[in-house]
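The notes follow in the order I took them.

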Amino acid sequence: MNQVKAVASTLCDWAGLSRPQEDDAIGSRPGFGEERAVEIVQPGGTAQIRTLKIPEGATTTGYNVARRTKHLRGSERDDLVEVGVSHFAINFADVCIRLGLYESAIRNVGYPIVPGFDIAGVVTKVPDNCDLKVGDRVFGATLFGGYSTKVSVPKNQLREVPQYVTSEQAAALPAVSLTALHALTIAGFPALSKCSIPLGKNKSVLVHSASGGVGGMLVQFAKLCGAENVVGVVGRKNKTEYAISLGCDAVVYKEGKSKGEWWKEVEEANRGVGYKAIFDANGVETLQASYEHLDLCGRLVVYGFHTNLDNGTSLSPLSWIRMIIGFLKMPRFDAMQMTLDSRAVLGFNLSFFENETELIGDYFNTITTWLSAKKFQLPKVNLYEMDEVALTHELIQSGKSIGKIVVRTNKNE
């Protein structure tokens, strides 16, 4: 039913039947302050993105604090930290939310929705028994609600920003680093001692989209977790140098090559041996071939389906037809065959991990320890303004961006 509603909304948007009405008077209404948030009114194109002012005394928040709530006014929870947001990051998941294709957003929030997972800013209010204090610079992860200048976040989801790290760099970290660390852990390259798994003889790793946000973290964290041959795949040739700078032992670019040609280069980069772990968020374009390039006891980790989506900023009837065809072409992995192959396919979506507070806390502690010790390179940041969110969605959807896209609010700096 959710997907039927998404189809209807996006088609109405494509036909120009459901453009949100801008309310010029909203900022002058009694009860509205200077805090702002960017919301998606309903599934559709970038025209469904608008900036609104937050009611006086309210904040945005994640669904693990308040479901089906756009603005929070007080809470019975005693662990909430109020953050004045200076920067928030844009993720491909936000595009999926805008298109009505992100299940956790539909199930736990609905529309209109303030998207966003990554924030950085300054603490403006703290609960009792909190290590943070007002004025501290922090970064953290929210379960939506991040496109805002004022957010209430459980203290377990926030950490202090090391002095050498800028707020825009810090905002680029949470979602991509947490995703990369969990992906490596379930692939057999854990950073947490409590999750220790013998790596085995083969310690090679293949990372698709190695110059992207999650891909760049995977490359670096894989080395920190014991990988010995990290091979990156990028779409465009001009992304090769950046992927090498992140630590790839070899980089394969796809531009101007057939699938057979660049997959052959992937094989050669590991001396013809299959990979211990392959990380793939491409979807239908590469999943089957990724599985076939695993070694004995290899694991294919899936955390997205980029090529299943249409590149257009709005979904037309033809877009939906192409997406349905892509879905029908998705590989169906047979449990018996995987047993015979001694290979595994694993998938996850961190936006459903609301109850895994200990696990996420442990990941956050690992990341901040590495960050303080300068053990990994911070993502390349492309900075935009709060009134350019629609443009950032178009850019990330085009596949032309390198590194992370971050928006500054021009507040709380």
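I count a charge as sitting over a ring if NZ of Lys or CZ of Arg is within 6 Å of the ring centre and within 35 degrees of the ring normal. The model I am reading is predicted.

Charges over rings. I looked up Lys257 and found its charged end over the ring of Tyr253, 3.6 Å from the ring centre. I then turned to Arg332, which lies over the face of Phe327 at 5.2 Å from the ring centre.

Ring pairs. How many aromatic pairs does the structure hold? I find 10. I took Phe117 and Phe144 to begin with: their ring centres are 5.1 Å apart and their planes stand at 55 degrees, so I log the pair as tilted. Phe117 lies in the loop between helix 3 (103-108) and strand 5 (118-125), and Phe144 in the loop between strand 6 (137-141) and strand 7 (150-154), so this pair ties together parts 27 residues apart in sequence. I checked burial too. Phe117 has 9% relative accessibility and counts as buried. Phe144, at 1%, also counts as buried.

Next I went to Phe221 and Trp370. They form an edge-to-face pair, 5.1 Å centre to centre with 65 degrees between the planes. Phe221 belongs to helix 6 (residues 213-224) and Trp370 to helix 12 (residues 357-372), so the pair ties together parts 149 residues apart in sequence. Buried or exposed, I asked of Phe221 and Trp370? Both are buried.

Last, the cluster. I traced ring pairs that link Tyr63, Tyr102, Phe117 and Phe144.

Methods: Residues are numbered from 1 along each chain as its sequence is written. This is a predicted model: local features need pLDDT of at least 70, side-chain atom pairs count only at pLDDT 80 or more; totals for chains, interfaces and linings use all residues. Side-chain values use heavy atoms; hydrogens and water are left out. Rings of Phe, Tyr and Trp (its six-membered ring) pair if their centres lie within 6.5 Å; planes under 30 degrees apart count as stacked, over 60 as edge-to-face and the rest as tilted. Helices (H or I, at least four residues) and strands (E, at least two) are DSSP runs, numbered from the N terminus. Buried means under 20% relative accessible area, exposed over 50%, partly exposed in between (1.4 Å probe, protein chains only).
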